[in-house]
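Work through the exercises below with the sequence and the model open. Each task is followed by a stepwise solution.

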Amino acid sequence: MARVADESELEENFQSPKETAKRWGPQHAGARELANLYSPGKRCQEWISVLLCLSLMAFNLLHLLANFHLSHLWHIALGTVAGILTADFASGLVHWGADTWGSVDLPVFGKAFIRPFREHHIDPTAITRHDFIETNGDNCMLTVLPLMHMAYGFLTHTPAEQYRDYPWSCYVFALAIFVTLTNQIHKWSHTYFGLPAWVQRLQDWHLILPRKHHRTHHVSPHETYFCITTGVKVPRNFRLLEELEEGQKGVGDGTVSWGLEDDEDMTLTRWRGMIIGPPRTIYENRMYSLRVECGPRYPETPPFVRFVTKINLNGVHNSNGVVDTRAVSALAKWQNSYSIRVVLQELRRLMMCKENMKLPQPPEGQIYTN
C-alpha cells in the first residue's frame with residue numbers, strides 16, 4: 001500500500017545533482033562494493049537456471065498446445081489472470097522480505113540473493129546495465145521446480161488425467177512465465193530511453209509495472225509499492241485507511257497531526273489537521289487547525305486544504321484560509337505518493353521560510369467564519 005513521502009523527500013526534489021550523487025548512484029562506494037560481490041559462481045548459477053527454465057517452458061508449452069481443447073479457453077483466461085496476480089503478490093512479498101530482513105553478510109544466501117536488492121536501492125539504475133542472464137537468472141531458478149513437476153505430469157499422467165489437470169497446468173504455466181519476467185519488467189520500469197513501443201503501451205495500460213508507479217517505491221524510506229510485476233493500484237479507501245492508521249498512531253515527531261473530521265464518514269473525505277508552530281518564528285507555540293478534503297480521485301489529485309485558525313502566511317488567502325495550490329510545492333508538484341502528512345509538513349516548513357517567519361499575525365485563537 002502507498003505510504004507517504006516524508007519531508008526530507010520533498011527537499012530532495014530541489015537538491016542539486018552534486019548533492020544527491022554522494023548518497024546514491026553508480027559512484028556511491030556502497031554500490032560499487034555490492035556490485036563487486038557478483039561472483040563467477042553466481043553467474044554460473046544464473047546461466048544454469050535460465051537454460052533449465054526456458055527448456056522446461058518450451059517443453060510444457062508444446063504439451064499444453066497438444067492437449068488443448070476449445071472447452072479450455074475459459075480455463076486459460078482464468079489461469080492467466082490468476083497467475084499474473086499471484087506473481088505480482090509474490091514479487092511484493094519477496095521484495096519486502098529482501099529489503100527488510102537479513103543482510104548481505106548471511107552465508108551464501110546474503111551475497112547471492114539479498115545483495116541485488118540492497119544494491120538496487122543505492123543504485124537504482126544498476127539493473128538497466130545488467131544483461132538478460134543477470135537480470136532474470138534468480139527468477140528463472142524459482143520456476144524450475146514447478147515447471148519440472150508440470151513436465152513430469154505430462155510424461156506420466158494418462159490423457160484423462162491431463163485433461164482434468166489442464167486448468168491447474170494453465171495457472172502454473174502463467175505463474176511461471178510472469179515470475180520469470182518479473183525482474184525484466186522491473187528493469188523496464190527503470191528504463192527511460194529506447195524502450196520498445198509495445199512495452200510502453202503495456203506500461204500505460206498498467207498490464208506491467210509502469211515507470212511512474214514504481215518510482216514511488218524509491219522514495220525514502222522505501223516501505224511501499226513493493227509489487228514489481230504489474231504494480232496494481234491501491235484503491236483510494238485502502239490508501240486513506242492507511243493514512244488514518246498512521247494518524248492514530250502519531251507517526252512522526254508530533255509537530256503535525258491528522259484524523260477524520262467525523263468518525264462516521266465512511267467515504268474518508270473530510271479530515272482535520274493540526275500544525276504546531278515552529279520555534280523561533282512568529283508562529284511559535286501556536287496551534288493551527290486545518291480542514292483537508294480528499295476528493296474521489298485522491299491520491300491521483302491533491303486534496304483541498306483550508307486553514308480554520310486565522311494565519312498570515314504567503315499562499316493562504318486572508319479572507320477564508322484557503323491554501324493556494326500554486327504556492328505550496330507539495331500541492332503544485334503533487335505526486336500520488338504524497339499524503340495529508342506531507343502537505344501539513346510542507347505548510348509548517350513554509351512557516352520557517354524567511355519571508356514568512358516574521359509576518360504579523362492575527363490574535364491567537366481567531367478562526368475564519370466561512
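The expected span of a helix is 1.5 Å times one less than its number of residues. Helices (H or I, at least four residues) and strands (E, at least two) are DSSP runs, numbered from the N terminus. This is a predicted model, where local features need pLDDT of at least 70, side-chain atom pairs count only at pLDDT 80 or more, and totals for chains, interfaces and linings use all residues. Residues are numbered from 1 along each chain as its sequence is written, and side-chain values use heavy atoms, with hydrogens and water left out.

**Exercise 1. Helix H13**

Compare the reach of H13 with its expected span, then decide how enclosed the helix is.

Step 1. H13 has 12 residues. From first C-alpha to last it reaches 17 Å, close to the 16 Å expected at 1.5 Å a residue.

Step 2. Apply the burial cut-offs: buried means under 20% relative accessible area, exposed over 50%, partly exposed in between (1.4 Å probe, protein chains only).

Step 3. In H13, 11 of the 12 residues are buried, so the helix is largely enclosed by the rest of the structure.

**Exercise 2. The largest core**

Which residues have the most contacts inside the largest nonpolar core, and which element gives the largest share?

Step 1. A nonpolar core is a set of buried Ala, Val, Leu, Ile, Met, Phe, Trp, Tyr and Cys residues joined through side-chain atoms within 4.5 Å.

Step 2. The largest one has 35 residues. Trp271, Ile275, Phe307, Ile311 and Leu347 have the most contacts inside it.

Step 3. Elements giving two or more residues are H11 (236-249), S1 (256-260), S2 (270-276), S3 (287-293), S4 (304-307), H12 (329-332) and H13 (340-351). H13 gives the largest share, 7 residues.

Step 4. Now take Leu347. Contact means heavy atoms within 4.5 Å. Beyond its neighbours within four places in sequence, Leu347 touches Ile275, Leu290, Val305, Phe307, Leu313, Val323 and Val328.

**Exercise 3. Helix H11**

What do the buried residues of H11 pack against?

Step 1. H11 has 14 residues and reaches 20 Å, close to the 20 Å expected.

Step 2. Its buried residues include Arg236, Leu240, Leu244 and Gly247.

Step 3. The buried residues of H11 pack against S1, S2 and H13.

Step 4. Just after H11, Gly250 takes a positive phi of about 75°.

**Exercise 4. A helix pair**

Are H7 and H8 roughly parallel or roughly antiparallel?

Step 1. Axes are lines fitted to C-alpha atoms, for helices over the stretch in contact, and angles run from 0 to 180 degrees between N-to-C directions.

Step 2. H7 (residues 132-156) and H8 (residues 159-189) pack at about 175°, with axes 8 Å apart.

Step 3. Classify. Angles under 35 degrees count as roughly parallel, over 145 as roughly antiparallel, 65 to 115 as roughly perpendicular and the rest as oblique. H7 and H8 are therefore roughly antiparallel.

Step 4. Check the interface. Residues of H7 including Phe132, Leu147 and Phe154 meet residues of H8 including Val172, Phe173 and Lys187.

**Exercise 5. Cysteines**

How many disulfides does a search of the whole structure find?

Step 1. A disulfide is a pair of cysteine sulfur atoms within 2.5 Å.

Step 2. The search finds 0. For Cys53, the nearest cysteine sulfur is that of Cys140, 3.9 Å away.

Step 3. Cys53 counts as buried, at 0% relative accessibility. Cys170 counts as buried too, at 8%.

**Exercise 6. Backbone and loops**

Which peptide bond is cis, and where are Arg280 and Asn285?

Step 1. The bond from Tyr298 to Pro299 is cis, with omega near 5°. Pro299 is in the loop between S3 and S4.

Step 2. Arg280 lies in the loop between S2 and S3. Its phi is positive, near 60°. Arg280 is exposed, at 70% relative accessible area.

Step 3. Asn285 is also in the loop between S2 and S3. Phi of Asn285 is positive, near 65°, and the residue is exposed at 64% relative accessibility.
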